[in-house]
Amino acid sequence: PTVYFVDADGNQFEADVEAGTNVMEAAVDNFIDGIVGECGGVMSCATCHCYIPKEWQDKIPEPSEQEEDMIDMVMEPQDNSRLSCQIEVTDELDGLVVHLPKSQF
Ligand code: FES
């Protein structure tokens, strides 16, 4: 599947990702600035914060309570905030668009 990352300035980056990887790994593997993923995906850093556009939200499993608690701690949380390490890329998510926050800190 292909994932499109869009940074805060509107620049778009395309990443071909293997199904089963999560969006944070996809970003890190493709040198996408804006996703750090400091904790390696164990939900303790929140430096993998991203925004998911409305049209994709329904296709992705709901965040867990722990994920929601972590999102409360990010810089600029929005209704569509997610932790990218908690989103698994599947074939159904081909074409997924992920918006990057201005900063992870
Ligand atoms: Fe640390 Fe997602 S990589 S919370």
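Mentor: Helices (H or I, at least four residues) and strands (E, at least two) are DSSP runs, numbered from the N terminus. The chain has 3 helices and 5 strands, in the order β-β-α-β-α-α-β-β from the N terminus on. This is a predicted model, in which local features need pLDDT of at least 70 and side-chain atom pairs count only at pLDDT 80 or more, while totals for chains, interfaces and linings use all residues. Residues are numbered from 1 along each chain as its sequence is written.

The part to look at is strand β5, residues 96-99. Strand β5 pairs with β1 (residues 2-6) in the parallel sense, over 4 bridges; two strands pair if DSSP finds at least two bridges between them. Val 6 stands opposite His 99 of β5.

The covered face of β5 holds Leu 96 and Val 98, and the uncovered face holds Val 97 and His 99. Leaving aside neighbours within four places in sequence, Val 98 is in contact (C-beta atoms, placed from the backbone, within 7 Å) with Val 3, Tyr 4, Phe 5, Val 23, Cys 50, Ile 52 and Ser 84.

A nonpolar core is a set of buried Ala, Val, Leu, Ile, Met, Phe, Trp, Tyr and Cys residues joined through C-beta atoms within 7 Å. A residue is buried if 20 or more other C-beta atoms lie within 10 Å of its own. The largest such core has 22 residues, of which Val 3, Val 23 and Val 98 touch the most other members. Two or more residues each come from β1, α1 (23-29) and β5, and α1 gives the most, with 4 residues.

Technical notes. Buried ≥ 20, exposed ≤ 12 C-beta atoms within 10 Å, placed from the backbone. Contact = placed C-beta atoms within 7 Å.
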